[in-house]
Amino acid sequence: MRMPAPRLAAWSTAGFPVVVEHPALARWTRLRPHAGVEVVDAGFTVVAPGTSTALARWA
């Protein structure tokens, strides 16, 4: 997924701010369908294959 150019320009002007959350399971479940990016483990780590490990979205 690509960020629209005007939004990218505004984000750049703002200094590329980000927010990192460690949500409880209920919030994670609510955020997941709206995430533009989801990182799913492939099984090459100690995390079980198929585990969703990170979500990203722009607000």
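I will talk about one aromatic pair and two residues, aspartate 41 and serine 52, in a predicted model. Local features here need pLDDT of at least 70 and side-chain atom pairs count only at pLDDT 80 or more, while totals for chains, interfaces and linings use all residues. Residues are numbered from 1 along each chain as its sequence is written, and side-chain values use heavy atoms, with hydrogens and water left out.

Let me start with the rings. The structure holds one aromatic pair, and because the ring centres of tryptophan 11 and phenylalanine 16 are 4.9 Å apart with their planes at 85 degrees, this pair is edge-to-face (centres of Phe, Tyr or six-membered Trp rings within 6.5 Å; planes under 30 degrees apart are stacked, over 60 edge-to-face, the rest tilted). Tryptophan 11 is partly exposed at 31% relative accessible area, and phenylalanine 16 is likewise partly exposed, at 42% (buried is under 20%, exposed over 50%, partly exposed in between, with a 1.4 Å probe and protein chains only).

Now to serine 52, which lies in strand S2 (strands are DSSP runs of E, at least two residues, numbered from the N terminus). Serine 52 is buried, with a relative accessible area of 16%, and its side chain makes a polar contact of 2.6 Å with that of glutamate 38 (a pair of N or O atoms within 3.5 Å, where within protein one must be able to donate a hydrogen and the other to accept it, and residues adjacent in sequence count only if both atoms are side-chain atoms).

Finally, aspartate 41 sits in the loop between strand S1 (37-40) and strand S2 (52-56), and its side chain reaches the backbone nitrogen of glycine 43 at 2.7 Å.

Notes:
Helices (H or I, at least four residues) and strands (E, at least two) are DSSP runs, numbered from the N terminus. Lys and Arg count as positive and Asp and Glu as negative; His and the chain ends are not counted. A salt bridge is a side-chain nitrogen of Lys or Arg within 4 Å of a carboxyl oxygen of Asp or Glu.
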